[in-house]
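The sequence and the structure come next.

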Amino acid sequence: EALLHRVFVPIARLLSRILPDRVPVTFAGSGAVDDMCRSIAQRGFRHVLVVSDDGLVGAGVVGTVTGRLDAAGVGHTLYSGVEPDPTTDQVEAGLALYRSDSCEAVVAVGGGSPMDAGKLIATLATNDKPLRRLRGKFHIRRRPAPVFAVPTTAGTGSEVTIAAVVSDPVTHAKSS
């Protein structure tokens, strides 16, 4: 595996400089959530995992998004167990819901923590590796499940990056 890694990484770096990136679709303005939910439906997704935290559920923010998903005809499962500095256990719990409810995409609603947890759930859904083996660069072999982001805070920028930070609940070490 070490030889494969030594050969693969330089090739992947070269290709990432040559090949064009996919441009994400951005929805902005007062109708952005409606537009996003209609786009999810138009892309053929029938059931999504909504990843957020209890505070945003209690504030009604998540209910607005799930109501728009309902109106667009998209089923959803809510995972609101994300806390600040999400842990590997929280990501694994979200992944279990994603799989048990046959979700096809992730809708992350919130700040950096729900965004990071959502991206990791989407990555684990398509890559048959434990979370600890995805640390660092170039460890993901398959494209993650689609992620749709509804940022509720300014500053983290997690909705526009490929990185995600998670904490180990035993050692409290953070990794990305």
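## Salt bridges within helices

Lys119 and Asp116 are three residues apart in helix 6 (residues 112–126), which means that about one helical turn separates them. Helices here are DSSP runs of H or I with at least four residues, strands are runs of E with at least two, and both are numbered from the N terminus. Lys119 forms a salt bridge with Asp116, and their closest N and O atoms are 3.8 Å apart. A salt bridge is a side-chain nitrogen of Lys or Arg within 4 Å of a carboxyl oxygen of Asp or Glu. Lys119 and Asp116 are both buried; buried stands for under 20% relative accessible area, exposed for over 50%, and partly exposed for values in between (1.4 Å probe, protein chains only).

The model is predicted: local features need pLDDT of at least 70, side-chain atom pairs count only at pLDDT 80 or more, and totals for chains, interfaces and linings use all residues. Residues are numbered from 1 along each chain as its sequence is written, and side-chain values use heavy atoms, with hydrogens and water left out.

The structure holds four salt bridges. Another one joins Arg38 to Asp35, with the closest N and O atoms 2.5 Å apart. Arg38 and Asp35 are three residues apart in helix 2 (residues 32–42), so about one helical turn lies between them. Arg38 is partly exposed at 42% relative accessible area, and Asp35 is partly exposed at 32%.

## A salt bridge between loops

Glu104 forms a salt bridge with Arg46, the closest N and O atoms being 2.9 Å apart. Glu104 lies in the loop between helix 5 (88–100) and strand 3, while Arg46 lies in the loop between helix 2 and strand 1, so the pair ties together parts that are 58 residues apart in sequence. Glu104 is partly exposed, with 22% relative accessibility; Arg46 is exposed, with 60%.

Four strands form an open sheet in the order 2-1-3-4, and the pairing is parallel. Two strands pair if DSSP finds at least two bridges between them. Strand 2 and strand 4 (147–151) stand at the edges with a single partner strand each, so one side of each has no neighbour in the sheet. From one strand to the next, the twist averages 20°. For such angles, axes are lines fitted to C-alpha atoms, for helices over the stretch in contact, and the angles run from 0 to 180 degrees between N-to-C directions.

Helix 2 packs on the sheet and touches strand 1, strand 3 and strand 4; contact means heavy atoms within 4.5 Å. The direction of helix 2 makes about 170° with that of strand 4.

## Strand 1 and its partners

Four of the five residues of strand 1 (residues 47–51) are buried, so the rest of the structure largely encloses this strand. Strand 1 runs parallel to strand 2 (residues 75–79), and five bridges join them. His47 stands opposite Gly75 in strand 2, and Leu49 has Thr77 as its bridge partner in that strand.

Four bridges join strand 1 to strand 3 (residues 105–110), again in parallel. In strand 3, Val106 stands opposite Leu49.

## Cysteines

How many disulfides are there? The count is zero, where a disulfide is a pair of cysteine sulfur atoms within 2.5 Å. Cys37 is buried at 1% relative accessibility, and Cys103 is buried at 8%.
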